[in-house]
Amino acid sequence: MSRIVRVETCIVDLPSVRPHVLSVATIRGQTVTLVEIHCDDGVFGIGEGTTIGGLAYGEESPEGIKLAIDSYFAPLLEGADADRPAEIMARISKTIVGNHFAKSAVETALLDAYGQRHGLAISELLGGRVRDRIPVLWALASGNTATDIAEAESMLDMRRHNAFKLKIGKRTIADDVAHVAAIKRALGDRASIRVDVNMAWDEASARRAIPMLADVGCDLVEQPIARTNRAGMARLTAGASIPIMADEALHGPEDAFDLATGRCADVFAVKIEQSGGLFAAKRVEAIARAAGVGVYGGTMLEAGVSTAASAHVFSTFPDLPFGTELFGPLLLTEEILQAPLQYEEFSLAVPSAPGLGVRLDRKKVDFFRRGGPTRASVTIGTAKEA
Ligand SMILES: [Mg+2]
């Protein structure tokens, strides 16, 4: 038996390679909450809680995730048997409502430590992987059509991505459709083009826009309307000739069950953090499979820790028909892992070392740590909060 002796958290502000324009926020950097769970045998696991645009995307902020872990999760973790992660998470779920991002960060760290101690990768702890590489698309979200086409061409040349997600919903429908059409025309059959509206439309706008997007060669529409309008999602799904995907509407297995029952989407964007953890994401996928709903591996624009955790989970899905968007680390100028995740041939290699299979670069984390000793005495021109 190994006891948990200490839980540490910190917030890290990392610059992004370019502004990332969504209907809800423009990202100029990413803020990552890291958690470390230390055990009395010297093993420690790492986890990550990351959202988009502070409180612009969801109810949990980076600062809130840290506060929740420090104040409410840590007392439940300290002294617990680190070899019983499922029991610990069950106890946490009985005591702490919601806080899915914090739960995912803590569960990731527990499984990382557990896997390291027993010499098994997290994908093996979850039942074993079906694939060693997972397809990864790229989001074209510079806000400019010509820039997006040039970016897509360079990704195709590098053989890094051949599927692209366009962030739309900020401009008029006519402008958005013209933007999608121009990119699809430029790339043709070399790439799949999907769109994410991030809930920007009302149902009537979506009803008008979706056939226009289908006509210009768009392959999928993600969360066109408010996450709460499930009846509207069902009507759009029934009427659309291209798949409709639920993202913001999907906060774990209970939502998945409800959305599947109501036929509110053709595809689920499975996210470990939004689902409430790795096991919860597995349950979302199981519900989708039982209901005949497709799955897609989603991201919160996470850094390497949660991206690796997500890759382990998605590697265990029997089918992954719509691929994944695990490109978060590629959007950042700084790598916080000792060895970066490997992207090539339009896919990401799932790490295979025990636990997460990735370790933090201490110096990098310390340099970018908010309020850290290094940061306080160094001015970083490009590092800003989103
Ligand atoms: Mg989305």
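Before the helices, I note how angles are taken: axes are lines fitted to C-alpha atoms, and the angles run from 0 to 180 degrees between N-to-C directions. I also keep in mind that this is a predicted model.

Entry one, helices. I looked up helix α6, residues 173-187. Helix α6 lies across β5, β6 and β7 and runs at about 165 degrees to β7.

Entry two, the sheet. I asked in what order the strands of the open sheet stand. I read β5-β6-β7-β8-β9-β10-β11, seven strands with parallel pairing. At the edges I found β5 (138-140) and β11 (294-297). Each has a single partner strand, so one side of each is left without a neighbour in the sheet. Then I checked helix α5, residues 145-158, which packs on the sheet and touches β5 and β6 (163-167). The direction of α5 makes about 160 degrees with that of β5.

I picked β8 (residues 221-222) and β9, which pair in the parallel sense over two bridges. Here V221 stands opposite I244 in β9.

Which residues coordinate the magnesium ion? I found D196 (OD), E222 (OE) and D247 (OD), at 2.1 to 2.3 Å. Along the chain these donors follow the spacing D-x25-E-x24-D. I then placed two of them: D196 is in strand β7 (residues 192-196), and D247 is in the loop between β9 (244-246) and α9 (253-261). The pair is 51 residues apart and links distant parts of the chain. Are D196 and D247 buried or exposed? I noted both as buried.

Terms used
Residues are numbered from 1 along each chain as its sequence is written. This is a predicted model: local features need pLDDT of at least 70, side-chain atom pairs count only at pLDDT 80 or more; totals for chains, interfaces and linings use all residues. Side-chain values use heavy atoms; hydrogens and water are left out. Donors are N, O and S atoms within 2.8 Å of the metal (3.2 Å for Na, K and Ca); water is not among the atoms, so sites may look incomplete. Helices (H or I, at least four residues) and strands (E, at least two) are DSSP runs, numbered from the N terminus. Buried means under 20% relative accessible area, exposed over 50%, partly exposed in between (1.4 Å probe, protein chains only). Two strands pair if DSSP finds at least two bridges between them. Contact means heavy atoms within 4.5 Å.
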